[in-house]
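I opened this notebook to record what I looked up in one structure. The entries follow the order of my reading.

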Amino acid sequence: MNGSEPRRLTCHCGRAELRVTLAEPASAARRCDCSFCRRRQAGNVDVRDGDMEVVRGETLTLYQFGTHTAEHYFCSVCGCYTHHRRLSDPSVMGVNVAGLDGVNPRASEPMPWVDGADADELSGAAR
Ligand SMILES: [Zn+2]
């Protein structure tokens with residue numbers, strides 16, 4: 001799957017829906033060990049800012065911390081993470097690979113980790 005086709009991404013209750021064109025294959029999903037992501041534990045893949053459309057988003061809630069550069073969105077009804085604006089490159093969104101139609105995140109195992117703990121140090125959000 002090369003990710004070039006627009007795809008549907010939903011939260012669990014379906015009240016939040018995105019239409020995304022992945023910038024990389026779904027199999028490239030990885031996790032991050034920053035203070036927030038280590039708790040959230042969702043594999044995510046890149047989508048460039050202009051390649052994401054919020055189809056339904058009334059229930060999306062924004063969570064920010066530290067430098068307030070990254071934007072972490074989740075559904076306020078079912079609690080599922082949908083996407084976030086990356087701290088490392090704010091022109092790129094990370095999207096929840098497990099919310100994509102037709103993707104089982106088990107296919108990405110063993111899922112690699114990226115170093116987010118160092119970014120915590122920079123943003124003063126270390127836990
Ligand atoms: Zn929901």
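**Basis.** I note that this is a predicted model, in which local features need pLDDT of at least 70 and side-chain atom pairs count only at pLDDT 80 or more, while totals for chains, interfaces and linings use all residues. Residues are numbered from 1 along each chain as its sequence is written, and side-chain values use heavy atoms, with hydrogens and water left out.

Cys 13, in the loop between strand 1 and strand 2, and Cys 78, in the loop between strand 7 and strand 8, are 65 residues apart (strands are DSSP E runs of at least two residues). Cys 13 is partly exposed at 29% relative accessibility, and Cys 78 is partly exposed at 27% (buried is under 20%, exposed over 50%, partly exposed in between, with a 1.4 Å probe and protein chains only).

**Core.** I then turned to the largest nonpolar core, which has 20 residues (buried Ala, Val, Leu, Ile, Met, Phe, Trp, Tyr and Cys joined through side-chain atoms within 4.5 Å). Val 20, Leu 22, Val 95 and Leu 100 have the most contacts inside this core. Strands 2, 4, 7 and 9 each supply at least two of its residues. Leaving aside residues up to four places away in sequence, Val 95 touches, among others, Leu 9, Val 45 and Tyr 81 (contact means heavy atoms within 4.5 Å).

**Arg 85.** I found Arg 85 in strand 8, buried at 17% relative accessible area. Its side chain reaches the backbone oxygen of Pro 90 at 2.7 Å.

**Aromatic rings.** A search of the whole structure gave me three aromatic pairs (ring centres within 6.5 Å; planes under 30 degrees apart are stacked, over 60 edge-to-face, the rest tilted). Phe 36 and Tyr 63 form a tilted pair, at 5.1 Å and 40 degrees. Phe 36 and Phe 65 are tilted as well, at 5.9 Å and 50 degrees. Ring pairs link Phe 36, Tyr 63 and Phe 65 into a cluster.

How values were computed: Helices (H or I, at least four residues) and strands (E, at least two) are DSSP runs, numbered from the N terminus. A polar contact is a pair of N or O atoms within 3.5 Å; within protein, one must be able to donate a hydrogen and the other to accept it, and residues adjacent in sequence count only if both atoms are side-chain atoms. Rings of Phe, Tyr and Trp (its six-membered ring) pair if their centres lie within 6.5 Å; planes under 30 degrees apart count as stacked, over 60 as edge-to-face and the rest as tilted.
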